[in-house]
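Hi,

Here is the structure I said I would pass on. My notes follow below it.

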Amino acid sequence: MEHLVEHMRTSYHSVHEPTCRICKKHCRSFESLREHLIGPLPKEECKRIFRNQGCKFCLVILNNPDALRLHQEICQLPSGVLAQLANLSIFDNLTIDNVQIRGPQVVALACKMVGGGGSDGSLDLCARVCLSDEYESIIFHTYVKPPTPATNYRYQTTVIRAEYLREALPLSQAQRKIQDILYNREPMRKLRPTDGKASILVGHILDRDLSLLQISYPATMMRYDIQAGSEDPYEDCVASMRLYKRMRSQVHKKGDHPQNQNNFALWRQSELEKMTPEQLLEISRPDFYCWCLDSQG
């Protein structure tokens with residue numbers, strides 16, 4: 001019990017962490033939960049059950065394979081929107097802009113990069129960007145004309161051709177459009193995750209995407225590192241948003257969240273050693289802002 005109390009004192013385990021529904025292991029993020037289930041070195045028993053009953057897209061575990069099949073009929077990308085994206089060609093304006101009908105407080109963003117900076121094309125340049133809302137509707141999607149010439153279109157992973165970028169939206173215009181969507185007329189100094197008009201931003205490697213778009217956004221407003229990238233930015237947006245919404249939908253008591261609250265002070269050692277593991281977990285507090293609070297604003 002002495003070692004367990006010391007572990008709880010330093011680990012900040014809490015009910016706010018994603019938990020494997022098979023072995024009850026606490027994970028620091030959904031990315032680490034994914035690694036635990038289907039990564040290079042998964043726990044074998046969890047891997048076996050997840051292979052037959054788990055959704056690789058949203059990581060939920062169903063009661064049986066039949067329930068999984070029914071779930072997967074719902075947990076898939078809307079075919080109509082994917083067909084709309086697939087039909088984009090050089091004969092279209094290459095832009096979907098539904099900003100005028102939007103009012104979401106959570107926005108997913110994903111970019112696709114081509115290469116520039118010489119013959120090796122090692123310099124990342126944003127060439128395509130997509131923003132979607134939490135209902136998986138596209139807010140804004142466009143090809144982007146990089147500020148410097150692309151020398152490697154990385155077609156196998158981007159499906160982007162040179163002709164797609166010739167008449168594409170300049171980076172500066174795409175940047176202003178995205179800022180308008182995210183800020184929602186809120187000044188930078190007032191951006192906050194609750195009680196504000198600006199959007200919470202969800203995505204994969206947002207630091208990189210925002211850097212290439214030359215957009216600044218507060219870290220407190222971003223939810224990222226939750227999904228591996230795909231070939232289509234819309235698929236990235238949807239996958240990231242679904243995982244974010246699953247984390248946000250957890251029901252936790254408001255008073256249970258003060259970060260770094262010291263409930264494991266040394267002077268309480270004797271009292272703590274008499275508690276059960278379940279009681280220790282109940283009083284433990286996380287050292288991070290839980291996304292469940294985004295829905296309690």
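Two bridges link E4 to strand E6 (residues 169–170), and this pair runs parallel. Strands here are DSSP runs of at least two residues (E), helices runs of at least four (H or I), both numbered from the N terminus. Two strands pair if DSSP finds at least two bridges between them. Opposite Pro 170 in E6 stands Lys 145.

Before you read on: this is a predicted model, where local features need pLDDT of at least 70, side-chain atom pairs count only at pLDDT 80 or more, and totals for chains, interfaces and linings use all residues. Residues are numbered from 1 along each chain as its sequence is written, and side-chain values use heavy atoms, with hydrogens and water left out.

E4 covers residues 138–145, and seven of its eight residues are buried. Buried means under 20% relative accessible area, exposed over 50%, partly exposed in between (1.4 Å probe, protein chains only).

E4 also pairs with strand E3 (residues 123–133). That pair is antiparallel, with five bridges. Cys 130 has His 141 in E4 as its bridge partner. E3 and E4 make a hairpin with four residues between them. In the turn, Glu 136 has a positive phi of about 70°.

Now Ser 284. This residue sits in the segment after helix H12 (277–283). Ser 284 counts as buried because its relative accessibility is 4%. Its contacts (heavy atoms within 4.5 Å), leaving aside neighbours within four places in sequence, are Met 8, Tyr 12, His 13, Ser 14 and Phe 264. The Ser 284 side chain reaches the backbone oxygen of His 13 at 2.2 Å.

Best wishes

Note on methods
A polar contact is a pair of N or O atoms within 3.5 Å; within protein, one must be able to donate a hydrogen and the other to accept it, and residues adjacent in sequence count only if both atoms are side-chain atoms.
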